Amino acid sequence: MRSTSHLVRRRRMTGLAFFSPWLVGFLLLTLFPLVYSLVISFSEVRIKVSGTELSFVGLSHYRYALLQDASFPTKLMESIFLIATGLPIVLVFSLIISLLLNQEFPGRSFYRLVFFLPVIIMSGPVLTQLVNETDAMKLRLDSGILSQYLRMISPGRGQGRLFILFMDNLVRTLWFSGIQILVFLAVLQKIDRSMYEAAAIDGATGWEMFWRITLPYLRSTIVINTIYTIVEMGAVSSDPTNVKIMSHLLEVNRPFSYSAAMSWIYALAQLLLMGLATLLLFKREGRRAQ
Amino acid sequence: MKQQIRRAARRFALGTSGRGGFLSKALTYGVLVGMGFVYLYPVLYMVSLSLMNSADLVDSTVVWIPRSISLDGFTKAINALGFWDGLKVSVFLSFSASLFQTISLACSGYGLARFDLPLKKLWFALIVLVFLIPSSVTLIPRYMLFNGYKMVGTIWPALITALGGQGVKSSLFLLVFYQFFSSYPKALDEAAMIDGAGSLRVFIRVAIPMAIPAITVTFLFSFIWFWNETMQLSLLSGASARTLPIRLAAFVDSFNKLYPSNDNTSVGGALNEAIRLAGTLLSILPLMIIYLLLQKTFVQSVERTGIAGE
């Protein structure tokens with residue numbers, strides 16, 4: 001009896017030993033920084049020869065970021081706007097493309113190659129060059145019916161500004177769909193063909209099959225892709241809020257702490273978006289199930 | 001006769017139950033070609049403009065195809081980027097970091113999957129949490145931490161992050177490893193144990209061969225994502241790890257230092273869009289070559305490992 005429990009314990013220790021690289025990494029490089037950044041976001045940081053000194057200042061960094069800072073609220077709204085409008089575009093786009101790529105046709109692998117390319121080449125500096133510094137991401141819409149139409153439906157200056165931001169970032173947004181397309185595709189290929197055959201015998205059209213079979217099957221995948229998209233879009237270093245956070249990092253009179261406060265605000269906003277999007281998707285699903 | 005023709009036309013356009021007809025095929029190709037163009041637009045734009053000389057750039061009658069192919073932009077961009085040095089740094093850093101990350105995540109995934117670890121549910125929750133937290137939140141304390149050990153400005157922060165399995169999107173890979181290591185029967189381990197193999201030996205001889213696809217996907221994507229990661233690297237490693245993307249971010253400064261010009265509007269030496277785009281293209285060229293060579297591995301590995309997350 002004693003020897004078995006000894007064996008079990010030993011085995012458990014071996015398991016922990018295997019698991020320890022991640023565990024140590026997590027404690028040291030994620031958990032500790034997480035707690036510490038929360039602490040310094042509420043503190044004033046002074047760097048002295050003897051080390052860093054912290055004194056508690058409450059919410060003052062947060063208040064400054066949201067109420068006094070001239071550019072942070074704007075940058076934050078821009079980032080949230082880009083993510084919130086980008087999300088449905090990415091989801092619908094990647095779903096359509098994956099449905100198309102799920103068919104058998106010549107050239108299929110070429111298109112898979114094309115739609116996965118941005119995953120490989122996309123990084124903050126590349127996006128900065130393509131979006132902000134050159135016109136590479138801006139589709140030319142100066143002439144033609146489409147632009148006339150767009151100009152008609154976007155009156156007012158405030159709306160116009162967001163609209164321009166949206167159009168300028170449309171291709172950039174689409175570039176965030178590479179992984180999602182493949183994830184949808186992988187799940188689509190697992191759907192049992194016989195379900196469609198049975199539905200076809202009962203006289204269902206392709207449209208009906210999509211809404212009744214395919215979409216319910218993809219429900220959890222859609223949620224996963226939603227979360228993935230938000231994480232990905234919020235992490236890219238060329239994101240307006242991230243640029244702002246980085247620019248204040250080593251500020252002389254309030255090092256680290258102000259950036260920490262801003263990064264927590266942004267992190268909370270992202271988590272809120274994730275929660276909201278997931279809730280929305282599940283709620284709709286619940287209604288259909290009734 | 002008329003009916004037959006109509007039926008044949010219908011079959012041609014809409015297809016039979018077995019296979020799609022002409023219309024659906026046309027629609028598929030139409031959407032794919034259109035979307036593919038929009039999608040590739042920036043890349044095509046880059047290739048086209050980077051080959052133009054400054055006269056073609058300002059000439060509005062020149063669209064897409066340059067009048068004469070000029071490699072001047074590339075020569076200048078190679079010099080301004082310090083392309084070959086950057087390439088060396090990028091390859092070395094991405095390779096070693098993804099090697100470290102793959103090894104440590106394989107170990108951790110194995111421990112999580114094959115042993116009755118206490119608090120297993122908590123570990124999973126934390127793995128997901130790591131994925132959800134934006135890296136900008138943990139960046140500052142990491143800086144202070146590494147600063148305390150005098151490691152800021154060396155490549156160690158990147159390597160240690162990789163070794164701790166906390167690199168870019170590492171949670172995904174850990175879950176992939178977990179999935180692979182859970183999927184084969186326990187009897188295999190036990191048989192090897194009875195033959196007298198120790199845990200490490202079982203891991204290397206039995207478990208690793210089962211997880212080759214997981215290892216491939218982890219290594220390849222870690223390589224790509226470490227290559228493209230700049231936020232933590234530029235802050236923590238600074239001058240010691242000037243990878244190609246980081247050089248690209250500082251492109252304007254290094255260009256102006258190398259090719260000083262008195263007025264920014266001059267046509268000859270000044271930085272123009274062609275040079276910028278040549279620099280951008282150069283910084284992603286190595287990745288594109290790797291992608292073209294290993295395209296099947298990339299795409300299939302996502303499908304096979306089911307990052308889909310069921």
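Ser171(B), not counting residues up to four places away in sequence, touches Ile127(B), Val128(B), Val130(B) and Phe131(B). In this predicted model, Ser171(B) belongs to helix α9 of chain B, which covers residues 170-182. Leu129(B) lies 42 residues from Ser171(B) along the chain, and the C-alpha atoms of the two are separated by 8.8 Å. Ser171(B) is classed as buried because 23 other C-beta atoms lie within 10 Å, where the cut-off for that class is 20 or more.

Most residues other than glycine have a negative phi. Lys169(B) has 19 other C-beta atoms within 10 Å and is therefore partly exposed. A positive phi, near 65°, is also found at Gly165(B), which follows α8(B).

Another loop of chain B, between α12 (212-228) and α13 (231-236), holds Glu229(B). Is Glu229(B) buried or exposed? With 27 other C-beta atoms within 10 Å, Glu229(B) is buried, given that a count of 20 or more is what the class requires. Glu229(B) and Gly167(B) are 62 residues apart along the chain, while their C-alpha atoms are separated by 9.5 Å.

In chain A, Phe256(A) is a residue other than glycine with a positive phi, near 60°. Phe256(A) sits in the loop between α13 (240-247) and α14 (257-289) of chain A, and it counts as buried because there are 24 C-beta neighbours inside 10 Å.

The table brings together the neighbour counts and classes of these residues.

| Residue | Other C-beta atoms within 10 Å | Class |
|---|---|---|
| Ser171(B) | 23 | buried |
| Glu229(B) | 27 | buried |
| Lys169(B) | 19 | partly exposed |
| Phe256(A) | 24 | buried |

**Helix packing in chain B**

Two packed helices are described by the angle between their axes and the distance between the axes. For helix α5 (residues 83-114) and helix α8 (residues 156-163) of chain B, the angle is about 25° and the axes are 7 Å apart. That angle makes α5(B) roughly parallel to α8(B), since the term covers angles under 35 degrees. From α5(B), the contact takes in Leu93(B), Ser96(B), Ala97(B), Phe100(B), Gln101(B) and Ser104(B), which meet Ala158(B), Leu159(B), Ala162(B) and Leu163(B) of α8(B). By class, the residues of this contact are seven nonpolar and three polar, with no charged residue among them.

How many of the residues of α8(B) are buried? Seven of its eight residues are, so that the helix is mostly covered. The buried residues of α8(B) are Pro157(B), Ala158(B), Leu159(B), Ile160(B), Thr161(B), Ala162(B) and Leu163(B).

A second pair in chain B consists of helix α2 (residues 22-50) and helix α16 (residues 273-293), which pack at an angle of about 125° with their axes 8 Å apart. The two helices are therefore oblique to each other, and α2(B) passes α16(B) in a left-handed crossing. In α2(B), the residues involved are Met46(B), Val47(B), Leu49(B) and Ser50(B), and they meet Glu273(B), Ala274(B), Leu277(B), Ala278(B), Thr280(B) and Leu281(B) in α16(B). This contact of α2(B) with α16(B) comprises seven nonpolar residues, two polar residues and one charged residue.

**Domains, chain A and the interface**

The domain assignment of chain B gives two stretches, domain 1 (2-72) and domain 2 (85-249). The C-alpha centres of domain 1 and domain 2 of chain B lie 40 Å apart.

Chain A has 14 helices and two strands as its secondary structure, and 38% of its 290 residues count as buried. Among the contacts in chain A with a separation of 6 or more, 75% are accounted for by residues 24 or more positions apart.

Between the chains, 74 residues of chain A are in contact with 73 residues of chain B. Which element gives the most to the side of chain A that touches chain B? Helix α1 (residues 2-41) of chain A does, with 20 residues. By class, the residues on that side of chain A are 51 nonpolar, 19 polar and four charged.

How values were computed: Residues are numbered from 1 along each chain as its sequence is written. Chains are lettered from A and ligands numbered from 1 in the order in which they are written. This is a predicted model: local features need pLDDT of at least 70, side-chain atom pairs count only at pLDDT 80 or more; totals for chains, interfaces and linings use all residues. Two residues are in contact if their C-beta atoms, placed from the backbone, lie within 7 Å. Helices (H or I, at least four residues) and strands (E, at least two) are DSSP runs, numbered from the N terminus. Ala, Val, Leu, Ile, Met, Phe, Trp, Tyr, Cys and Pro count as nonpolar, Asp, Glu, Lys and Arg as charged, and the others, Gly among them, as polar. A residue is buried if 20 or more other C-beta atoms lie within 10 Å of its own, exposed if 12 or fewer, and partly exposed in between; C-beta atoms are placed from the backbone. Axes are lines fitted to C-alpha atoms, for helices over the stretch in contact, and angles run from 0 to 180 degrees between N-to-C directions. Angles under 35 degrees count as roughly parallel, over 145 as roughly antiparallel, 65 to 115 as roughly perpendicular and the rest as oblique. Domain bounds come from an automatic or database domain assignment. A crossing is left-handed if the near helix is turned anticlockwise from the far one by less than a right angle, and right-handed if clockwise.
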